[in-house]
Number of protein chains: 2
Amino acid sequence: MSLDEESIIRLLWSGFGKTGGRQDPFDDDAAWVKNQKTKRFVVGKADMFVASTDAPPQMNAAQMAKKSIVACVSDLAAKGVRPDHCLVSVGIPKENANTDFVTMLADGFAEAESKYDLRIVGGDTNAINSDTVIDCSIFGFADQLVLRKGAKPGDLVGVSGRFGAQPAGLLILLGKARSSDKEFEKAAVESVLEPRARLDVGLRAAKFLSSCIDSSDGLAISLYHVAESSAVNIKLDRLPKFEGVDRFAVENGLDASQLVLFGGEEYELVCTYPKKNERALSKFGFTTIGVVSGKAEEKPEVLLGDEPIQRKGWLHFKSNPLA
Amino acid sequence: MSLDEESIIRLLWSGFGKTGGRQDPFDDDAAWVKNQKTKRFVVGKADMFVASTDAPPQMNAAQMAKKSIVACVSDLAAKGVRPDHCLVSVGIPKENANTDFVTMLADGFAEAESKYDLRIVGGDTNAINSDTVIDCSIFGFADQLVLRKGAKPGDLVGVSGRFGAQPAGLLILLGKARSSDKEFEKAAVESVLEPRARLDVGLRAAKFLSSCIDSSDGLAISLYHVAESSAVNIKLDRLPKFEGVDRFAVENGLDASQLVLFGGEEYELVCTYPKKNERALSKFGFTTIGVVSGKAEEKPEVLLGDEPIQRKGWLHFKSNPLA
């Protein structure tokens with residue numbers, strides 16, 4: 001029997017915890033411990049990038065390096081934490097252990113370092129069988145964190161950007177869809193090959209937010225994670241659709257709402273905030289798309305209008321039902 | 001052209017460093033940054049365990065998990081730093097994504113956590129092609145560090161244990177050697193499958209040491225690293241031979257000194273200290289094996305008696321010249 005990722009994590013986690021008082025691994029985007037001396041949080045996030053499942057064939061080594069960093073930075077951004085230092089381990093198969101590939105990896109890391117103002121302080125390299133693996137661990141320090149839990153009835157629900165371009169770009173790259181809108185096509189493909197983390201926005205917005213998560217697993221599941229961690233219901237009144245997604249969907253016989261809700265790896269922030277902060281947040285580019293409609297009685301619900309949204313997330317591209 | 005590990009690291013590193021003032025990645029066992037607020041060091045170490053090169057066929061999943069942690073803990077131990085929190089990323093091929101394998105991994109992690117008093121606070125899991133990968137990142141805090149540089153002429157050179165059992169055990173596990181001494185065979189095999197980090201010893205010894213490194217790359221190369229970082233020459237007057245290695249070597253037509261000097265993954269501490277600290281250190285099990293014989297004029301030398309020791313290290317077992 002082959003276990004899915006959630007079962008593997010639950011099994012692994014059940015083995016730990018002898019010291020008690022540990023976070024649930026599904027409870028938030030990053031892990032933290034409170035330093036008893038400084039009373040500050042040390043916040044850490046690891047992400048393992050595996051080329052065979054995380055990289056479409058067109059992604060080059062520099063883009064792989066950048067994406068591996070983006071995945072971690074995005075999670076810290078959602079917690080309002082500035083990434084500080086980073087360890088990078090790479091596993092390189094024989095066929096990629098050449099100057100071109102490694103130089104591109106290095107360039108990608110350097111670009112991400114400078115873009116997100118972090119320092120790669122160490123790491124490890126290894127030979128590996130038939131796959132390229134990059135594991136980043138990024139740490140930062142913070143006095144306060146924005147958690148997934150914290151959404152309150154009456155809060156507004158907002159996002160830092162628009163959705164749907166990423167799954168469209170992936171379908172285009174995999175040769176499963178086309179677009180007559182060349183500008184959209186370019187933006188969609190770039191959103192896959194050159195994703196960026198919303199670090200500036202996350203840091204500046206943090207003090208205005210009651211909860212936050214990054215959308216790397218998709219918009220729908222991210223909303224469910226906030227609802228479940230906060231024990232509230234969420235009701236959307238609109239979808240944050242990337243411009244051109246409707247036309248793309250029509251041209252390819254797809255459902256635009258599905259692309260918006262069940263894409264993933266957009267690395268946008270999905271959050272809640274008191275009404276009084278809406279104006280401040282709009283200056284950082286946040287758009288309100290709904291409201292925390294009340295405390296959850298049993299299972300938290302996420303609705304679009306009066307229709308429940310399916311609780312499903314992004315799967316790695318090889319098993320992505322969209323692809 | 002296929003690059004070796006050192007070339008890959010040098011290439012990767014040359015791409016970083018835009019922010020300047022960075023450690024050389026070959027300069028020490030772990031990476032650190034000084035926290036400007038607390039004036040303490042944050043010390044980190046990542047190690048990527050790759051089953052195809054780091055695990056002999058007999059190693060089970062619990063042992064893999066433990067070894068991946070030991071590799072990191074050992075490097076912090078050599079710096080005199082207590083490991084604090086840990087992120088663990090695992091890449092599991094489809095054929096291992098089953099309850100038995102994952103439960104054993106979890107058990108191994110839990111055992112290592114408790115043994116080294118650290119907390120696994122988060123991580124990541126991934127599907128991967130045809131290899132098992134475990135990347136650990138461990139962080140700790142320290143007011144002071146024991147570095148590779150720091151050895152001074154007149155200091156003694158010592159080790160926390162004995163050498164030669166690990167390469168013998170590996171040869172036995174790979175079916176390339178045998179031993180008529182069943183006790184030695186058991187100890188040798190266990191040193192490969194169940195290595196342990198010298199954390200207690202490293203923490204207690206730190207204040208008595210002028211330099212330290214862990215021997216994971218082999219005794220000879222570790223001595224060279226200390227000599228080179230400290231710009232000194234080292235002269236050994238004896239080898240710290242594991243009991244039974246001589247007989248094992250004779251039985252298998254091998255050279256016992258080679259097993260002692262060019263094995264690896266023993267995870268012992270190799271260090272230097274002022275003569276006045278020798279007694280204190282002997283209580284923790286350190287044995288003096290030589291002396292820092294003087295400042296290095298040009299290339300630092302490591303001698304056994306009057307004979308130069310070859311500057312070569314441990315290679316992953318697939319390419320290990322001993323194997």
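A salt bridge is counted here wherever a side-chain nitrogen of Lys or Arg lies within 4 Å of a carboxyl oxygen of Asp or Glu, and by this rule there are 36 salt bridges over all chains. This is a predicted model, in which local features need pLDDT of at least 70 and side-chain atom pairs count only at pLDDT 80 or more, while totals for chains, interfaces and linings use all residues. Residues are numbered from 1 along each chain as its sequence is written, chains are lettered from A in the order in which they are written, and side-chain values use heavy atoms, with hydrogens and water left out.

**Chain A**

- Lys235(A) and Asp306(A) form a salt bridge whose closest N and O atoms are 3.2 Å apart.
- Lys235(A) belongs to strand S8 (residues 232-236) and Asp306(A) to the loop between strands S11 (302-304) and S12 (307-308), so the pair ties together parts 71 residues apart in sequence; strands are DSSP runs of E with at least two residues, and helices are runs of H or I with at least four, numbered from the N terminus.
- Lys235(A) is partly exposed at 32% relative accessibility, whereas Asp306(A) is exposed at 63% (buried means under 20% relative accessible area, exposed over 50%, partly exposed in between, with a 1.4 Å probe and protein chains only).

**Chain B**

- Lys67(B) and Glu265(B) are joined by a salt bridge, with 2.6 Å between the closest N and O atoms.
- Because Lys67(B) lies in helix H3 and Glu265(B) in the loop between helix H10 (256-262) and strand S9 (269-273), this pair ties together parts 198 residues apart in sequence.
- Lys67(B) is buried at 5% relative accessible area, and Glu265(B) is buried at 11%.
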